[in-house]
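Dear colleague,

I am handing over the structure below, and my notes on its pockets follow it. Please read them with the structure open beside you.

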Amino acid sequence: MTAKTIDGKAAAAELRKRVAKQVSELRANYDVQPGLAAILVGDDPASQVYIRNKERQTEEVGMASVGRRLPAETSEGALLSIIEELNHDPTVHGILVQLPLPKQIKSEAVISAISAEKDVDGFHPMNVAALSNGKDGLVPCTPMGCTMLLKDQIGDLTGMEALVIGRSNIVGKPMAQLLLAENCTVTIAHSRTRDLDQKCRNADIVVAAVGIPKLVKGDWIKPGATLIDVGINRVSKNDGSTTYRLVGDIDYEEAVQAAGAITPVPGGVGPMTIACLLQNTVAACKRQTILRD
């Protein structure tokens with residue numbers, strides 16, 4: 001048995017098409033163009049790539065992209081002032097600040113400063129509370145994308161045993177909340193969980209987001225299970241060169257022999273994250289304009 005590869009690139013392309021249609025309708029029917037402000041502090045190479053991709057895809061679906069590039073020595077106060085300005089800008093419907101931030105800036109202060117209705121990353125305490133309480137809010141993009149891929153692959157998730165490996169505020173915890181909302185029976189595990197292999201063997205769905213290369217082995221997998229690999233880890237090619245390759249938190253070569261379906265790394269969850277960011281921006285725009293009382 002060889003698992004089906006879940007094509008995140010294709011799923012993201014379809015989602016972007018739907019987003020572009022919504023943007024076109026907003027512009028034609030309401031004369032509103034969704035706007036996304038992406039703020040980068042410093043010159044981290046990976047963050048620069050992420051921001052460029054986000055801005056490019058924002059423009060490709062017809063939204064306005066408002067880029068802000070700030071030097072690494074920017075103070076927390078200066079960044080908060082920019083966020084406050086964007087909070088009051090009616091042409092900006094979504095705000096994201098690329099993480100990680102320089103050490104002089106507290107991420108918690110920045111996240112809380114962004115207006116909850118413009119928090120398209122879904123990290124603001126009010127959006128976290130909404131998700132936890134089953135209320136309407138903006139949901140973190142990566143877990144949203146994972147849930148979409150699962151539903152596209154499986155359909156109804158009701159009653160399934162789901163294991164989330166990872167307990168971060170960005171992926172693990174919101175992922176568990178979304179799976180609960182889909183009527184799964186959810187277990188949250190992490191790097192210190194005892195008998196993790198046995199918990200995997202009991203799971204119909206495994207979402208791995210712990211940041212340990214190839215942690216989940218092939219013989220841990222329940223036959224036919226659906227595996228979502230959020231991990232992106234750089235490891236040496238072991239060929240004597242200084243180059244690296246990307247691997248996930250699941251040992252793909254082993255797991256593909258047992259699973260029913262699996263996301264690759266790269267090309268699985270990653271593309272969906274940006275597409276869901278665009279979807280969140282459209283949703284935020286609608287709430288701030290045509291759906292506002």
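**The pockets and the cavity**

The lining of the largest pocket divides into 24 nonpolar, 13 polar and eight charged residues, where Ala, Val, Leu, Ile, Met, Phe, Trp, Tyr, Cys and Pro count as nonpolar, Asp, Glu, Lys and Arg as charged, and the others, Gly among them, as polar. This is a predicted model, in which local features need pLDDT of at least 70, side-chain atom pairs count only at pLDDT 80 or more, and totals for chains, interfaces and linings use all residues. Residues are numbered from 1 along each chain as its sequence is written, and side-chain values use heavy atoms, with hydrogens and water left out.

On a 1 Å grid over the protein atoms alone, a pocket is an open set of points with protein on both sides within 12 Å along at least five of seven lines, a cavity is a set where a 1.4 Å probe fits but cannot get out, and lining residues have an atom within 4 Å of a point. The largest pocket holds about 1300 Å³ of space, a volume being the space filled by probe spheres set on the points, which are joined across faces, edges and corners. Among its 45 lining residues, Tyr50, Thr142, Ile232, Gly270 and Thr273 lie nearest the centre. Helix H2 gives the most to this lining, with eight residues; helices (H or I, at least four residues) are DSSP runs, numbered from the N terminus.

The largest cavity has about 50 Å³ of space, and its lining has six nonpolar, no polar and two charged residues, including Val97, Asp119 and Phe123.

With best wishes

Conventions: Helix = DSSP H or I, 4+ residues; strand = E, 2+ residues; numbered from the N terminus.
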